[in-house]
Amino acid sequence: MALSGTPFENNVLELWSVMRLLNPKIFSKRAFFTRAVEEKDFDRIKKAIAPFMLQRKKKDVLKDLPEKTEEVIFCRMDDETASCYGALHSRIVDEISGASGHSAFMASALILESLTKLRQFCCHPSRLPKGTLPIELESSAKFDALKIKVQALVEQKEKVIIFSQFTSMLKIIKKWLDEEKIKMFYLDGATNDRQDLVDGFEKSAEGVFLISLKAGGVGLNLVSCHYMFIYDPWWNPASESQAADRIYRIGQKSKVFIYRLITKGTIEEKVLALQQKKSEIAKSIFDCLSAEKLTAEDLMELLGE
């Protein structure tokens, strides 16, 4: 017997590996899965694993869980910021186009570096190294939207959790919270006293908890909070789903609100579309949020017009 909360998260072959271990004579051919994915024949995979899979969904087990509301908040850049983003995007595409003679490894590294720069811009343009942009920008449409939302919730005596993949962005938010004298908790990969920090937040009547997605996306129970912001998206919807489950789990008594912040007209919209594509593939096989492997074509699609 094999138990898994996410039968596959990054690559459909993770699912094949589990089934291969359990029943090697039936699932011996790896090509069966890879060909089915390439041909988008997900019914074939579903039919193959169905006789051997028992699924218990959260909604089936935890019938008393309150309602969960998820909302995407689109943040619109002003003309000056949008112009700077367009210039950065064009320069990056030109650099990648000129790297055709590089090895596949070097080209992939350049693409990933470029994606990171665009994502950093969306989080806050000031996160980019000086000289990257034609002019220095000190404001961020997304950060401004977050501040308005968080300030309103704090005034209503609500606790808030903010997830980001970038610790540098969390530190920008932390600086603002300190300036506003808002009680704050902070957790990233360098945090040693995780449980003490979690216990402190759970016992506190107020506060904003800043959490690195990689460090705190799993293993935390934060049911005293009902509001969560996922500041920056990435291609794998499973990671965001796991983050949301920090507050939507056993012990939660109130309605939960999950907000995803997306900068309009940027790579983040493409990431959101890619997430939906990955989720649809996963749901075609079984009803859980996960994703197939991110390919080079996916990366180029993110950078496309």
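A charge sits over a ring if NZ of Lys or CZ of Arg is within 6 Å of the ring centre and within 35 degrees of the ring normal. Lys142 lies over the face of Tyr231, at 5.0 Å from the ring centre. This is a predicted model: local features need pLDDT of at least 70, side-chain atom pairs count only at pLDDT 80 or more, and totals for chains, interfaces and linings use all residues. Residues are numbered from 1 along each chain as its sequence is written, and side-chain values use heavy atoms, with hydrogens and water left out.

**Charge over ring**
- A second case is Arg127, whose charged end sits over the ring of Phe166, 4.5 Å from its centre.

**Aromatic pairs**
- Rings of Phe, Tyr and Trp (its six-membered ring) pair if their centres lie within 6.5 Å; planes under 30 degrees apart count as stacked, over 60 as edge-to-face and the rest as tilted.
- The count comes to seven aromatic pairs.
- One of them is Tyr85 with Phe121, edge-to-face at 5.4 Å centre to centre, with 65° between the planes.
- This pair links distant parts of the chain, 36 residues apart: Tyr85 is in helix 5 (residues 79–97) and Phe121 in helix 6 (residues 104–123).
- Helices (H or I, at least four residues) and strands (E, at least two) are DSSP runs, numbered from the N terminus.
- Both Tyr85 and Phe121 are buried (under 20% relative accessible area, 1.4 Å probe, protein chains only).

- Phe185 and Phe201 have ring centres 5.4 Å apart and planes at 85°, so the pair is edge-to-face.
- Phe185 lies in strand 3 (residues 184–187) and Phe201 in helix 9 (residues 194–203), so the pair ties together parts 16 residues apart in sequence.
- Phe185 and Phe201 are both buried.
- Ring pairs join Phe185, Phe201 and Phe209 into a cluster.

Conventions. Buried < 20%, exposed > 50% of the residue type's maximum accessible area, 1.4 Å probe, protein only.
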